[in-house]
Amino acid sequence: MFSRNTKNNRIVHFESRNQKLRELAVSAPPEPWLPGKQHAIGGLTEIGYADASDILLVVSSQGRGVFKCLNGELIARNRNVYDDSWYDSTKLTTARAGKAQ
């Protein structure tokens, strides 16, 4: 009998995907890309670019971060968790933070 998407089925699915990711080989980026800064983002939920810019807005369970894509610099951080005043889960949009405003 077909079972609905239970918590156990989701866990098995994600464990399978995680294992495949762990098995991927780490290599240098292809030309013309260069390695850049790395940032650990715990609880990542959304990511997107500010309109017509090189600014990347990252939303996590711990708030928002704004990165400059040209050099990987973190230029703003707002540690407020999801809040209806800046996050709209229906439209999947967020108010800009820090220098992205």
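In which strand is the place of Arg64? Arg64 has its place in strand S3, a strand being a DSSP run of E with at least two residues, numbered from the N terminus. The model is a predicted one, in which local features need pLDDT of at least 70 and side-chain atom pairs count only at pLDDT 80 or more, while totals for chains, interfaces and linings use all residues. Residues are numbered from 1 along each chain as its sequence is written, and side-chain values use heavy atoms, with hydrogens and water left out.

The chain contains one helix and six strands; helices are DSSP runs of H or I with at least four residues. Along the sequence, these elements follow the pattern α-β-β-β-β-β-β. Of the 101 residues of the chain, 20% count as buried, where buried means under 20% relative accessible area, exposed means over 50%, and partly exposed lies in between, for a 1.4 Å probe and protein chains only. The loop between helix H1 (7-23) and S1 holds Pro32. The peptide bond from Glu31 to Pro32 is cis, with omega near 0°.

Four strands form an open sheet in the order S1-S2-S3-S4, with antiparallel pairing; two strands pair if DSSP finds at least two bridges between them. S1 and S4 are the edge strands, each of which pairs on one side only. On average, neighbouring strands of this sheet are turned by 20° against each other, direction ignored. For such angles, axes are lines fitted to C-alpha atoms (for helices, over the stretch in contact), and the angles run from 0 to 180 degrees between N-to-C directions.

The antiparallel pairing of S1 and S2 extends over five bridges. Within this pair, Tyr49 stands opposite Leu56 in S2, and Ile47 stands opposite Val58 in S2. The hairpin of S1 and S2 has five residues between the strands, and in this hairpin Ala52 takes a positive phi near 50°. Gly48 also lies in strand S1. The relative accessible area of Gly48 is 27%, so this residue is partly exposed. Its C-alpha atom is separated by 6.7 Å from that of Val58, ten residues apart along the chain.

S2 and S3 pair in the antiparallel sense over six bridges, and the hairpin that joins S2 to S3 passes through two residues. Leu57 stands opposite Val66 in S3. Arg64 counts as buried because its relative accessibility is 6%. The C-alpha atoms of Arg64 and Asn78 are 5.1 Å apart, although 14 residues separate the two along the chain.

The burial of S2 was then examined. Six of the six residues of S2 are buried, so this strand is largely enclosed by the rest of the structure. In a regular strand the side chains alternate between the two faces of the sheet. From S2, Ile55, Leu57 and Val59 point one way, Leu56, Val58 and Ser60 point the other way, and all are buried.

The largest nonpolar core has six residues in all, namely Ala50, Ile55, Leu57, Val66, Ile75 and Ala76. At least two residues of this core are supplied by each of S2 and strand S4 (73-78). A nonpolar core is a set of buried Ala, Val, Leu, Ile, Met, Phe, Trp, Tyr and Cys residues joined through side-chain atoms within 4.5 Å.

The largest pocket holds about 590 Å³ of space. Of the 19 residues that line this pocket, Lys37, His39, Leu56, Cys69 and Gly72 are the closest to its centre. On a 1 Å grid over the protein atoms alone, a pocket is an open set of points where a 1.4 Å probe fits, with protein on both sides within 12 Å along at least five of seven lines, and lining residues have an atom within 4 Å of a point. Grid points are joined across faces, edges and corners, and the volume is the space filled by probe spheres set on the points. Strands S1 (44-49), S2 (55-60) and S3 (63-68) each supply at least two residues of the lining, and the largest share, three residues, comes from S1. By class, the lining has twelve nonpolar, five polar and two charged residues. In this classification, Ala, Val, Leu, Ile, Met, Phe, Trp, Tyr, Cys and Pro count as nonpolar, Asp, Glu, Lys and Arg as charged, and the others, Gly among them, as polar.
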